[in-house]
Amino acid sequence: MIRLSVFILFACYIVMAIEAKSLPKTNTLDQRVDSVLKLMTLDEKIGQMNLLTSDWDVTGPSINKGYLADIKSGRCGNIFNAHTVAYTRKLQEVAVKESRLGIPLLFGYDVIHGHKTIFPISLGEAASWDLEKIERSARVSAIEAAASGINWTFAPMCDISVEPRWGRVSEGAGEDPYLGSRIAEARVRGFQGKNNNLADPLTIAACVKHFAAYGAPQAGRDYNTVDMSERTFRDVYLLPYKAAVKAGAVTVMSSFNELNGVPATANKWLMKDILRKELGFKGFIVTDYTSVTELVNHGVAKDDAAAGLLSVKASIDMDMQGEAFAKYLKNQVETGQATIKMVNDAVRRILRVKFQLGLFDDPYKYCNTEREKKLIYAPEHLEAAYKVARSSMVLLKNANNTLPLHKGEKIAVIGELATSTRDLLGSWKAAGNWDFMKSILDEIKAYNGAENTLYSLGCKKMGNDRSEFEAAIEIAKGADKIVMVVGEDCDWSGEASSRTSIKIPGVQSELIERLTALNKPIVVVLMNGRPLDLSKESKLADAILETWYSGTKGGKAITDVLFGEYNPSGKLPMTFPQNVGQVPLYYYAKNTGRPIYLPNDKYKSKYIDCTNDPLYPFGFGLSYTTFSYSDITLSNNNLTNDGAIEATITVSNTGKVEGEEVVQLYIRDLIGSVTRPVKELKGFQKIALKAGESKKISFKITPDMLAFYRLDMTYGTESGDFKLFIGGNSRDVKETNFTLAK
Ligand code: NOJ
């Protein structure tokens, strides 16, 4: 009996596989998809719309232990949080050999900044402003994930955020829509390959998340309400998602939050009108973790069934872990509440991606043990992670050229984070392993000699235990310079890690203060996933190096920067405020009717206890050399509507060592039908200059760079006067003017 049913199942699979595969090459992808769809029962279709987590990793509040049985019965067509060839093969075999139709599973995982070889957190990578390196990071992540049985990553995260309290700023590209868009495209290219060739066994499907505006929760509290004007949404928040979709990402994830009263997962306007119609998205939409059933808590559905119905009507295709489709959709179709067309459309979109990935041709395409052995932690992957890590670090202060340190100097290394390898990986470590890694202290010792490197814990990253202070001070007395490694525990950023204070936690700053009494140069090395309030440390420390969470090779990369083996070149992708009371503080703000020109003017848009300035502006970062900028020359001061002008500037390395500089172009539209930001990033180039070298850098200015949503909500330009700025950060710039003709 068992044999017979296995035979029948196998025969069914062969029929389907033959049917799907044997279609002549002239048959389109859609015809191949339909050839499978027509074999499916309603239950099997709904099974394809169901995504369940395996118990291999925990990334949300619930786990379904019965996923094996669900795969077998066809109730679950997709799995996430499972990895390794051995395990994914086992699950794929159940789907292919034991389910009636043998439709292969998708395997999703949060491969955000690396799978095994971990790169810097996404915010850190963004600080490199190096699109090639960022693409390479996503490429390596895809190669290792694919080699490990995964065919779908839940990345890139494209959420713009001006909220340092929100822990998830660590996962994005920061505050700016232009930089965010270029990075989103680079990541899609990296994951899916340059030509989006998903048939390649070393590419994986990307997932643009979290659609939409998840990065703007009120008060910076994760999952909280988002309320913003459609204009801000379109001009700012939508852009990186749009760029990623345009780059060819085949899946999108709906976000947890509501947008202007309608939760994203039930938001027809977002999913149908914007994503599918306006952006032309052809792939499938998956929800975030249980965000369908959370519609009940949001108060827009009375129960899980109603929640599922709202989602399917909003054209959500796949339910992550909520099981509302699996439990209720069949009855809803049978009773006419939902249509079979809704189901068929969703399943078509899902099967399409499975076909694009080549899973119907070879369901075990990602399951090659040899390849897994060869590619995981491949030397070239570690090398790529090391290079990105070095480029991601931002030198925030360097009084009296405290840095670089000199080999052989006596260095006192202090702080718990100096010895922690786990923290170097940051949030979303995927399958990354920290046991074999070298810490910052290990690498400093290896470079500087153990005899020249002293260590004391000083204090932990959290808590208020001061009992090791004195020991650290004693150790520091014997050193030429002090390197204090401080910051946040890696789990203090990422999902569900919002903070009301953005100061360095615990008593770490207090110890820095105690150490200043020794009158020795103090270097603060920061590890954190968000802009911090460094107003105190910026006064106490002689040098500050922002290293984020820099990944598997972070220890060596940090050591290189500290000792001048690499000249820091990172620039902040988010504004660092003076204190949390200024938040949200971002460079593309509006001028207001009462801008402040003189500090003591009373009735102006300002605070009485703090200036409006950031501590470190967007785009800021120092180098061990210095750069000077000439005045800007324009090829023409008048730009026509079908024309282009060129802005040129000469950048010179005026210091003694070679260095890299990120030359940034900003524009301001002076008079608009609606108010316009005081500056908007419109271009950048990262260049390398030898000591004493100068280079001419040109930017092409075209009218499309000046477009925005006008008073009547049409998208386009308005003629008039513009300011154009070029500089090494958003504050210190050269400027000139041009006009856009009528
Ligand atoms: C919830 C997170 O918001 C999302 O980013 C992630 O991809 C899913 N969990 C799956 O782990």
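Colleague: This is my first look at this predicted model. What makes β11 and strand β16 (residues 543-546) a pair?

Modeller: Happy to walk you through the pairing! β11 and β16 are joined over four bridges, in the antiparallel sense. Pairing asks for at least two bridges, so β11 and β16 count as paired strands. Within the pair, Lys397 stands opposite Ile544 in β16.

Colleague: What makes you call strand β11 (residues 394-398) mostly covered?

Modeller: Four of its five residues are buried. Each of those four therefore falls under 20% relative accessible area, the cut-off for buried.

Colleague: Now a single residue. Why is Lys590 called partly exposed?

Modeller: Its relative accessible area is 43%. Buried would need a value under 20% and exposed a value over 50%, so 43% lies in between and Lys590 is partly exposed. You will find Lys590 in the loop between α21 (554-562) and β17 (627-629).

Colleague: How do you know that Lys590 and Thr675 have a polar contact between their side chains?

Modeller: The side chains are joined at 3.0 Å. The limit for N or O atoms is within 3.5 Å, so 3.0 Å qualifies as a polar contact. In sequence Lys590 and Thr675 are 85 residues apart, yet their C-alpha atoms are 7.0 Å apart in space. Lys590 also touches Arg676, Pro677 and Val678, leaving aside its neighbours within four places in sequence.

Colleague: Let me step back to the whole chain. Which domains is the protein chain divided into?

Modeller: There are two: domain 1 (391-582) and domain 2 (627-740). Five residues from domain 1 and nine residues from domain 2 take part in the contact. The centres, taken over C-alpha atoms, are 35 Å apart.

Colleague: What makes the link between Glu661 and Lys571 a salt bridge?

Modeller: Their closest N and O atoms are 2.9 Å apart. The rule asks for a Lys or Arg side-chain nitrogen within 4 Å of a carboxyl oxygen of Asp or Glu, so the 2.9 Å between Lys571 and Glu661 meets it. Across the interface of domain 1 and domain 2 the rule finds one salt bridge. That interface also has five residue pairs in polar contact, with both residues at pLDDT 80 or more.

Technical notes. Residues numbered from 1 in each chain as written. Predicted model: local features only at pLDDT ≥ 70, side-chain atom pairs only at ≥ 80, totals over all residues. Heavy atoms only, no water. Buried < 20%, exposed > 50% of the residue type's maximum accessible area, 1.4 Å probe, protein only. Contact = heavy atoms within 4.5 Å. Polar contact = N/O pair within 3.5 Å; in protein donor to acceptor, adjacent residues only side chain to side chain. Domains from an automatic or database assignment.
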